[in-house]
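Subject: Handover of a structure and notes on what was found

Dear colleague,

Please find the structure below, followed by an account of what was found in it. I would be grateful if you read the notes with the model open beside you.

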Amino acid sequence: MDFWYSEAQTPHVKLCIKVDQQLYSGKSEFQRIDVFDSPEFGRFLTLDGYMMLTEKDEFIYHEMITHVPMAVHPKVQDVLVIGAGDGGVIRELVRYPEIQRIDMVEIDPLVVEVCKKYLPQTACRLDDPRLTIHYEDGVRFVRSREAEYDLIIVDSTDPFGPGEGLFTREFYGSCFKALREDGIMVNQHESPFYPADAEACQRAHKRIVESFPVSRVYQAHIPTYPSGHWLFGFASKKYHPLRDLDEVRWNMRGLGCRYYTTTLHKGAFYLPAYVEELLENVE
Amino acid sequence: MERLGQKNAPIYEALERFKQMRVVPFDVPGHKRGRGNPELARLLGEKCVSMDVNSMKPLDNLCHPISVIRQAEELAAEAFGAAHAFLMVGGTTSAVQSMILSVAKRGDKIILPRNVHRSVMGAMVLCGAVPVYVNPECDDRLGIPLGMKLEAVEKAILENPDAKAVLVNNPTYYGICSDLRGIVALAHSHGMLCLADEAHGTHFYFGEGLPVSAMAAGADLAAVSMHKSGGSLTQSSFLLIGPAVQEGHVRQIINLTQTTSGSYLLLSSLDISRRNLALRGKEEFRRVVELAQYARREINSIGGYYAFAQELCNGDSVYDFDVTKLSVNTLDVGLAGIEVYDLLRDEYDIQIEFGDLGNILAYLSIGGRPQEGERLVSALAEIRRRFGRSRSNLMEQEYIDPEVAASPQEAFYAEKESLPIEDTVGRVCSEFVMCYPPGIPILAPGERITRQILDYILYAKEKGCSLTGPEDPDILRLNVLKGER
């Protein structure tokens, strides 16, 4: 038997992963959800057929979206996480004892349920007492919040389908309002490589630049995402991602990551020339 | 002819059959199923251009329908509860004009509110009918024209017993309905017909708990914009008639101005949308109402904005309210409606239906999605946070009672002269001036220009309203009747 999952990363490029078995397939009000087992990447989750995470490379994404802002902001107490139904961001966040409250806003309860059952590697800390899960539209949730959070992590899907609203000017503006005066917002920022992704990346950057005084982009290498080259946005009201990085303080924590280091942190903000140009064009 | 039901879409079905026949085209249109215009075919798709065909025996003829178009008309009549329904391909403008041309000729009077669409005034220019205006009440807080009071209609009828018809907006652009049943009864008891402009009321025929539709209220003619809330292609529309109106006469009137090359894309879209609404309209519009109610609650909780609805109902000038209309007053945010309209588009990539001096209107319909509602609400909240200011120096809209000095036709065709707009006070205007949308004339041909009207026009220009109508596109000059003072 030859059983392969494939995702059209562009109309002309496919990623294929050999599958051992399909563990789950279901349809929620918002999307189709599938979980597979594979020999190379372990268990993996797809939404509407698009790769969300694999057991083998999810650590890269989750460490980079969490520890970069945590190493910059001196005192994060209240965190808002948008999306993140797989629990990976929460797993990284709960490693910080000074965090007092995490609000996670996920539109689709079925994603959380499926991940709890099939993806314990990421969903393992969703029972942390500091965490409250709100099942609603992130655009709606953040609209009514004001100066409440130190950090907002936008762990969204792509800018089409249920995640569409999380790439809009009104959403970034609402996040700005929901942050305290020294708050930071980090977001999944798409890829600069293939034209359709690059376009989404540019649009998101433009809207964030318009909404925040500090807006920088950093990168990571995620093998199962289109082109493998992925970006994150670092937007902030006050702190600069490099000048305000406190390496000693973070390293004293002894958290031990597999991808993130404070040295990599600095390197991640040095972007290829074509990416710099892409972003500068909309600044 | 075989008996068809609402599950049928005879024009669409005929097009499908026609396609399979692979008929060789030696007729118009000249693009011949798109082959002669490959770029157009790429843009619209092969299927679309291959269905852009001419009238012929298997597809019937819009000017004189005897087979599939006739069947589609009958099914539409059944779905809308009308005696007959005409498929219109010149927009609801042509439906409104045919409606008026069917009941009035030169010198005949029509009783109507002043806040009618330009197409109504246009029909009067064409046929020479004379408007008798009923002052629509105005809501002071919102600055919007309301419906007609029953007693005001009665007064106009008694003062003009020779009038041919009463025309009613059902509803207005903002969603406000007059007491249509009451007005129909009044008109009929004085031997007049009742016409309804239902450009914004298609859903009344299919949804539940919505205001009464013209046909259900016993009106004689209604122009229904299927392409607005009904989901058909832009420019397609229905003209409905009741049992007291002669089908043949109305057909003759329609054929005076309607194209003889009716587009089958438009006709099939009417056919398919009628089927869709007949089969699923109740459920679809229930969803639209929920979406609108939700958005209204959320918008009202932002602060500053006032998304109004049934609480305006007063049993008379606001007899009923169309809750699918998301009309929002913006003055307490310190912004004119047109400013919010522009910000939504320029800053947030959200296009709404229109903004006037004090209000915006977001059009919700069967194609709307909840996520988009959330975006609209969030964008409004952000606009308030970023751009909100104090309410001062915003002009309040108010109803300006028009002085009709000549009939629209007389004024439109009379000897005229062009004057700088500032010098026109006291003169009689010979052209239209309106903001578009909503396309309700600020000045119609034959109306006297006052200082108040000029101030309104200048303020609307300054706020960025798109003003249309006059010969001079910059509206620095206006045409007025020569000599007349």
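Two strands pair if DSSP finds at least two bridges between them. Helices (H or I, at least four residues) and strands (E, at least two) are DSSP runs, numbered from the N terminus. With these terms, one open sheet in chain B can be described: 3 strands form it in the order 18-17-19, with antiparallel pairing. Its edge strands, each of which pairs on one side only, are strand 18 (441–443) and strand 19 (467–468) of chain B. Strand 17 (residues 433–435) of chain B runs antiparallel to strand 19 of chain B, and 2 bridges join them. There, B:Met434 stands opposite B:Thr468.

Some words on the source are needed. This is a predicted model, in which local features need pLDDT of at least 70 and side-chain atom pairs count only at pLDDT 80 or more, while totals for chains, interfaces and linings use all residues. Residues are numbered from 1 along each chain as its sequence is written, and chains are lettered from A and ligands numbered from 1 in the order in which they are written. The model scores ipTM 0.88 and pTM 0.89. For chain B the average pLDDT (the predictor's confidence in each residue, from 0 to 100) is 92, and 97% of the residues score at least 70.

The two chains

Chain A holds 10 helices and 13 strands. Its radius of gyration (taken over C-alpha atoms) is 18 Å, close to the 19 Å that the globule rule (2.2 Å times the number of residues to the power 0.38) gives for 283 residues, so chain A is as compact as a globular protein of that length. The C-alpha atoms of chain A fill a box of roughly 55 × 45 × 35 Å along the principal axes. A residue is buried if 20 or more other C-beta atoms lie within 10 Å of its own, exposed if 12 or fewer, and partly exposed in between, with C-beta atoms placed from the backbone. On that basis, 48% of the 283 residues of chain A count as buried.

Chain B has 15 helices and 20 strands. The radius of gyration of chain B is 23 Å, close to the 23 Å from the globule rule for 485 residues, so chain B is as compact as a globular protein of that length. Its C-alpha atoms fill a box of roughly 65 × 50 × 45 Å, taken along the principal axes. Of its 485 residues, 54% are buried.

Where the parts touch

Two residues are in contact if their C-beta atoms, placed from the backbone, lie within 7 Å. Between the chains, the contact takes 12 residues from chain B and 13 residues from chain A. Which element gives the most to the side of chain B that touches chain A? Helix 13 (370–387) of chain B does, with 10 residues. The residues on this side of chain B divide into 4 nonpolar (Ala, Val, Leu, Ile, Met, Phe, Trp, Tyr, Cys and Pro), 6 charged (Asp, Glu, Lys and Arg) and 2 polar (the others, Gly among them).

Within chain B, the domain assignment (automatic or from a database) gives domain 1 (281–387) and domain 2 (408–481). Their centres, taken over C-alpha atoms, are 30 Å apart. The contact between them takes 8 residues from domain 1 of chain B and 7 residues from domain 2 of chain B. Helix 12 (residues 337–348) of chain B gives the most to the domain 1 side, with 3 residues.

Strand 15 of chain B

In strand 15 (residues 359–363) of chain B, 4 of the 5 residues are buried, so this strand is largely enclosed by the rest of the structure. Strand 13 (residues 325–329) of chain B runs antiparallel to strand 15 of chain B, joined by 5 bridges. B:Leu326 has B:Ala362 as its bridge partner in strand 15 of chain B. A hairpin joins strand 14 of chain B to strand 15 of chain B through 3 residues.

Backbone details

A cis peptide bond, with omega about 0°, joins B:Val28 and B:Pro29. Another cis bond runs from B:Asn170 to B:Pro171, with omega near -5°. A:Glu190, a residue other than glycine, has a positive phi near 65°; A:Glu190 counts as buried, with 27 C-beta neighbours inside 10 Å.

Yours sincerely
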